[in-house]
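Subject: Structure for you to look at

Hello,

Here is the structure we talked about. Please open it first and then read the notes below.

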Amino acid sequence: MNYLLIPKELRPIAEKVEARQRISEADALTLYRSNDLNALGMIANVVRERKNGNYATYIHNRYINYSNICVLSCQFCAFAAKKRDAHAFEYAIDEIIRVVREALRLGITEVHMVGGLHPTLKKDWYLALLRELRALDPDLHIKAFTAIEIRHLAQRIFRMPIRDTLEILRVAGLGSITGGGAEIFDPVVRDTICRGKETAAEWLDVHRTWHRMGGRSTCTMLYGHIETLAHRVDHLRQLRELQDETGGFTGFVPFAFEPQTTVLSHIK
Ligand code: SF4
């Protein structure tokens, strides 16, 4: 790394990264406070190249929301609807299969599928959906459901423990679970942006359970609303701790908050 291009306050962190030492929460805050995008990129690239060489990969997938009907009303969410709402939608399995069949012809290798916490879709509907997707192509990777959807299915629809629910979904075709719903783990922030959603511990426990079953998942963070930089660092620390424990996360996806048409639109 060319240290002439690294500002003084970031050099101790750059040296740590080059020496394969872990950065602390204070280091992470220092990185967040820096506006030197080139220096941040150079430091991050040390780790990226160490892990992946000079390769960047991507997935050719089809993203599907099977329904936006949801029993919750997270304050940050512009997606969810109640059944009575004009913009509520719910796709039939046949329609989803038709869309995925078309996408397979275009060369996708993965379908990524999430929805709201639907109040009335039955266990058999979810299992039939997974089985029919699996029957379309045995090599298609089916990535589906956030941790809160898994909890909803387990508690209200399947009425069985999280682990058993995950196992039944896996047997039907589930390949990995998605990382949505993590938002920001801090409980005060969660109470303001997504009251009633699962706690951080509950989100982490769904992923921990899946990882211990040999499954893989991604993780996320929703930023740019009421959270502070310290909240972001705390969130990343908790994700890192679970990754240390299980190694089950295959990727991290930061989502920028889009306030338009949410009840939090006044905060920007
Ligand atoms: S659970 Fe998901 S879909 Fe439902 S309101 Fe919250 S963010 Fe929106």
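Which β-α-β unit do β2, helix α5 and β3 make, a right-handed or a left-handed one? The unit made by β2, helix α5 (residues 123-136) and β3 is right-handed, that is, with the strands pointing away from the viewer, the path from the first strand over the helix to the second runs clockwise. Helices (H or I, at least four residues) and strands (E, at least two) are DSSP runs, numbered from the N terminus.

This is a predicted model, where local features need pLDDT of at least 70 and side-chain atom pairs count only at pLDDT 80 or more, while totals for chains, interfaces and linings use all residues. Residues are numbered from 1 along each chain as its sequence is written, and side-chain values use heavy atoms, with hydrogens and water left out.

The strands. β2 (residues 110-114) and β3 (residues 141-144) run parallel and are joined by four bridges; two strands pair if DSSP finds at least two bridges between them. Opposite His 112 stands Lys 143 in β3.

The cores. A nonpolar core is a set of buried Ala, Val, Leu, Ile, Met, Phe, Trp, Tyr and Cys residues joined through side-chain atoms within 4.5 Å. Buried means under 20% relative accessible area, exposed over 50%, and partly exposed in between (1.4 Å probe, protein chains only). The largest nonpolar core has 47 residues, and Val 100, Tyr 126, Phe 145, Leu 169 and Trp 203 have the most contacts inside it. Elements that give two or more residues to this core include α4 (93-105), β2, α5 and β3. Its largest share, seven residues, comes from α4. A second, separate core has 14 residues, among them Ile 148 and Ile 184.

Tyr 126 is in contact (heavy atoms within 4.5 Å) with residues including Tyr 66, His 118 and Phe 145, leaving aside its neighbours within four places in sequence.

Two single residues. Asn 35 lies in the loop between α2 (25-33) and α3 (37-52), and it counts as exposed because its relative accessibility is 77%. Gln 238 is found in helix α10 and counts as buried because its relative accessibility is 17%. Leaving aside neighbours within four places in sequence, Gln 238 is in contact with Phe 185, Ala 200 and Leu 204.

Regards
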